[in-house]
Amino acid sequence: MAIEDNGNVHGDVTIPLLEEGKNIGDEENVYTDEETSGKASLWMVYLSTFVAVCGSFAFGSCAGYSSPTQTAITKDLSLTLAEYSVFGSILTFGAMIGATTSGPIADFIGRKGAMRTATGFSVAGWLAIYFAKGALSLDIGRLATGYGMGVFSYVVPVFIAEIAPKNLRGALTTANQLMICCAVSVAFIIGTVLTWRTLALTGLIPCAILLFGLFFIPESPRWLTKIGHEKEFEAALQDLRGKGAEISEEAAEIRDYIETLERLPKAKMLDLFQRRYFRSVIIGVGLMVFQQFGGINGICFYLSNIFESAGVSPSIATITYAIIQVPITALNTTVIDKAGRKPLLLVSSTGLVLACIPSGTSFYLKDHNLAPSSVPILAVTGILMYIGSFSAGMGAVPWVVMSEIFPINIKGIAGSLATLVNWFGAWAVSYTFNFLMSWSYYGTFIIYAAINAVAIVFVITVVPETKGKTLEQIQAAINA
């Protein structure tokens, strides 16, 4: 529907939506954090989060599979380098397809249904890889697991954000990125001792736990009320807040907000560029652009090569990567709801800019045969600073913010767009990294430093703080 055609609808709903946002803000403590987390048992929230992040672990298992298995697969199946490159990169294309369809699937069959769909594709993909006799079945399996990754990358943070109380939402949503990091690290480490077929079978473990766990957790209450299942909505919210918890105020707030949004027309891609949604789309998509085009996938994909050029063992590089990334991401889960989203993004982006300086300097010195003894130290320091800084904020926080800022009537299509942009960026950076490095080693890091510097300005001027606010408060403020 064209933007002009929605003028009357926009006029009808703007005042109620803004009044709703005002009332919510004025009565922020109607249901307090203490009522949600103190008087009531939140064990179902934690169980539901654990089950959901098994999808994140499955995601990380896919991402970490190709690096430790390259030599063995190439030898056993007599693959050329080009064939193995297709096997490695086709994962991203599967993820792009998954990202494109994830929102509509999650809106049509629910968040749990979308997780089951992603799990089904992942299981089929791992089995195809395990039984592979040549390049074709390997590629089909890799494409299928990539599709599952794309769906998981959207639906897991959205599901967690929709079930969590506001005082725990940031920490629980960050668990998504933590489990991805853990899975990548586990795949890197156990891939050194397991055969590539056995490593493929380990990818089935988080899928099995997820499928089993989905039978015991509730669906997203916000999705249930959106499709009109009122009894299931109340039951799900009661399960999540505890049997003795008072949920009437929270339920009324969710219902009022959903009812207001339901008066809007069904969202189409062009609708995302309407004035009422434009800011939330800019925030969500913009953070994904800066997360990827700051260079993370290029640097991590060629981590071993970078360390090797600096005279450091690639195996040590892998272990160091895991040692730094997992603890810093874990620390994020404890501070994100205290420090806030915006400070973490600013600290992370600033760290990324600073990290590019010693990395770029090391290669400049190497190219000009200056201070050769300083090259390895500067390169390693810069790369480890980069990974640590990324893990401190830009790795997890954009997904947290993306899960919070979109109104539920556009969350499916807007979330798909943001996730698609993220995966396209991952492919583009990985594909261009070698070309950039062949052009200029230190020039590459200057470009990444400049992009991360722009990210700092973007966060300061555009991104709102969402800490301690309900989803309804956040969206009412952004779209006011």
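The structure, a predicted model, holds eight salt bridges. Among them is the pair formed by E234 and R255, and salt bridges that share partners link D107, R111 and E162 in one network.

**Salt bridges**

- E234 pairs with R255, and their closest N and O atoms are 2.4 Å apart.
- E234 counts as partly exposed, since its relative accessibility is 41%.
- D239 forms a salt bridge with K243, with 2.7 Å between the closest N and O atoms.
- Within this pair, D239 is partly exposed at a relative accessible area of 26%, whereas K243 is exposed at 69%.
- A further salt bridge joins E250 to R241, the closest N and O atoms being 3.0 Å apart.
- Both E250 and R241 are buried.

**Crossing of helix 6 and helix 19**

- Helix 6 spans residues 135-163 and helix 19 spans residues 397-405; their axes come within 9 Å and cross at roughly 65 degrees.
- The crossing of these two helices is right-handed.
- On the side of helix 6, the residues that take part are S153, Y154, P157, V158 and A161, and they meet W399, M402 and S403 of helix 19.
- By class, this contact comprises six nonpolar and two polar residues, with no charged residues.

- S48 is found in helix 3, which covers residues 43-63.
- The residue is buried, as the relative accessible area of S48 is 0%, and the cut-off for buried is under 20%.
- The side chain of S48 reaches the backbone oxygen of M44 at a distance of 2.8 Å.
- When neighbours within four places in sequence are left aside, S48 is in contact with F159, I163, I217, P218 and L240.

Technical notes:
Residues are numbered from 1 along each chain as its sequence is written. This is a predicted model: local features need pLDDT of at least 70, side-chain atom pairs count only at pLDDT 80 or more; totals for chains, interfaces and linings use all residues. Side-chain values use heavy atoms; hydrogens and water are left out. Axes are lines fitted to C-alpha atoms, for helices over the stretch in contact, and angles run from 0 to 180 degrees between N-to-C directions. Helices (H or I, at least four residues) and strands (E, at least two) are DSSP runs, numbered from the N terminus. A crossing is left-handed if the near helix is turned anticlockwise from the far one by less than a right angle, and right-handed if clockwise. Contact means heavy atoms within 4.5 Å. Ala, Val, Leu, Ile, Met, Phe, Trp, Tyr, Cys and Pro count as nonpolar, Asp, Glu, Lys and Arg as charged, and the others, Gly among them, as polar. A salt bridge is a side-chain nitrogen of Lys or Arg within 4 Å of a carboxyl oxygen of Asp or Glu. Buried means under 20% relative accessible area, exposed over 50%, partly exposed in between (1.4 Å probe, protein chains only). A polar contact is a pair of N or O atoms within 3.5 Å; within protein, one must be able to donate a hydrogen and the other to accept it, and residues adjacent in sequence count only if both atoms are side-chain atoms.
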